[in-house]
Amino acid sequence: LAALLLPHPHNGQAISLVERQSMLLRGRIAALEERIQQMTSHGAENDIIADKLVHWSRALLVQSDAAALPSVLLSELQSIFAVPYGALRLWNVQPQYAELPCAAPVSDDARRFTASLVAPFCGANVGFEAAQWMQAEDDAVQSLAMLPLRVGASTDAFGLLVLGSPDKTRFHITMGTAFLTRIAELASAAMSRLVARPA
């Protein structure tokens, strides 16, 4: 009935209250149907991302060698989520891991910036030091996601996970960060095995 169009006997010169109400009803139904389609589409996309998150988490859990964890974390993350560039830096690592690539020196500015992040940062690459950690040509990385690594609810960061893309819109400042936050939490838990505990 809501989709049924009835001609008006007055050749469109006047419209009855019933017809006016039915027109409003049709408009509302169309808007609701469009919203349902959007919600269904977003739900399907979230299911795909959740599956990828499970596959990545599985790769971390089956890796028993702590020294191999950083490379597995990064390579699997890039592969599963189709991220062209990535880098990982940890500070205050235990002595036996000091020679790993992820333990390369990090400036005090980068550490302070990481400590200031209360959530993953997404946006354009405007010359961040972290962008230089990735094996990429000049200006290849146009957008970045930077995920601070912390142990539990601690405010002190012990590392930074960086994802990069040549697509300017891949990581943008208005995008949601719920899944990136989960990735940061899982990466933090995995990488905490390499970090020296405070005395």
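Mentor: In this predicted model, buried residues make up 36% of the 199 residues in the protein chain. The chain exposes about 12,300 Å², and carbon and sulfur atoms supply 57% of that area.

Trainee: What is the secondary structure of the protein chain, and which pattern does it follow along the sequence?

Mentor: It comes to four helices and four strands, in the pattern α-α-β-α-β-β-β-α. Residues 24 or more positions apart account for 63% of the contacts with a separation of 6 or more.

Trainee: What makes a group of residues a nonpolar core?

Mentor: The members must be buried residues of the nonpolar kinds, joined through side-chain atoms within 4.5 Å. The largest such core here has 33 residues, and Trp56, Phe81, Leu90, Leu149, Leu161, Ile183 and Met191 have the most contacts inside it. Elements that each supply at least two of its residues include helix 1 (17-61), helix 2 (69-80) and strand 4 (157-165). The largest share, six residues, comes from helix 4. A second, separate core of 15 residues includes Ala110, Leu117, Trp133 and Val162.

Trainee: Which residues does Leu161 touch, leaving aside those up to four places away in sequence?

Mentor: Among them are Leu73, Leu77, Leu88, Met146, Leu149, Ile183 and Ala187.

Trainee: How do you know that the length of helix 4 agrees with its number of residues?

Mentor: At 1.5 Å a residue, its 14 residues should span 20 Å; the end C-alpha atoms are 20 Å apart, which agrees.

Trainee: Which residues of helix 4 are buried, and what places them on the same side?

Mentor: Leu180, Ile183, Ala184, Ala187, Ser188, Ala190 and Met191 are buried. They cover an arc of only 165° around the axis, and therefore lie on the same side of helix 4. As a general rule, an α-helix has 3.6 residues a turn, so residues three or four places apart point the same way.

Trainee: Why is the pair of Phe113 and Phe128 called tilted?

Mentor: A search of the whole structure finds three aromatic pairs. In the pair of Phe113 and Phe128, the ring centres are 5.6 Å apart and the planes stand at 40°. Pairing requires centres within 6.5 Å, while stacked rings need planes under 30 degrees apart and edge-to-face rings over 60. Phe113 is in helix 3 (residues 108-116), whereas Phe128 is in the loop between strand 2 (121-124) and strand 3, 15 residues apart.

Trainee: What makes the pair of Phe121 and Phe128 edge-to-face?

Mentor: Their centres are 5.3 Å apart and their planes are at 65°. That angle is over 60, so the pair is edge-to-face. Phe113, Phe121 and Phe128 form one aromatic cluster.

Trainee: Why does Phe128 count as buried, whereas Phe113 and Phe121 count as partly exposed?

Mentor: Buried means under 20% relative accessible area, and exposed means over 50%. Phe128, at 18%, is therefore buried. Phe113, at 26%, and Phe121, at 22%, fall in between, so they are partly exposed.

Trainee: How do you know that Ala82 and Asn92 are exposed?

Mentor: Ala82 has a relative accessibility of 51% and Asn92 one of 52%; both values are over 50%, so both residues count as exposed. Ala82 is found in the loop between helix 2 and strand 1, with phi near 55°, a positive value in a residue other than glycine. Asn92 lies in the loop between strand 1 and helix 3, and its phi is also positive, at about 60°.

Definitions and conventions: Residues are numbered from 1 along each chain as its sequence is written. This is a predicted model: local features need pLDDT of at least 70, side-chain atom pairs count only at pLDDT 80 or more; totals for chains, interfaces and linings use all residues. Side-chain values use heavy atoms; hydrogens and water are left out. Buried means under 20% relative accessible area, exposed over 50%, partly exposed in between (1.4 Å probe, protein chains only). Contact means heavy atoms within 4.5 Å. Accessible areas come from the Shrake-Rupley method with a 1.4 Å probe; for residues, only the protein chains shown count as cover. The expected span of a helix is 1.5 Å times one less than its number of residues. The arc is that of the directions from the helix axis to the C-beta atoms. Rings of Phe, Tyr and Trp (its six-membered ring) pair if their centres lie within 6.5 Å; planes under 30 degrees apart count as stacked, over 60 as edge-to-face and the rest as tilted.
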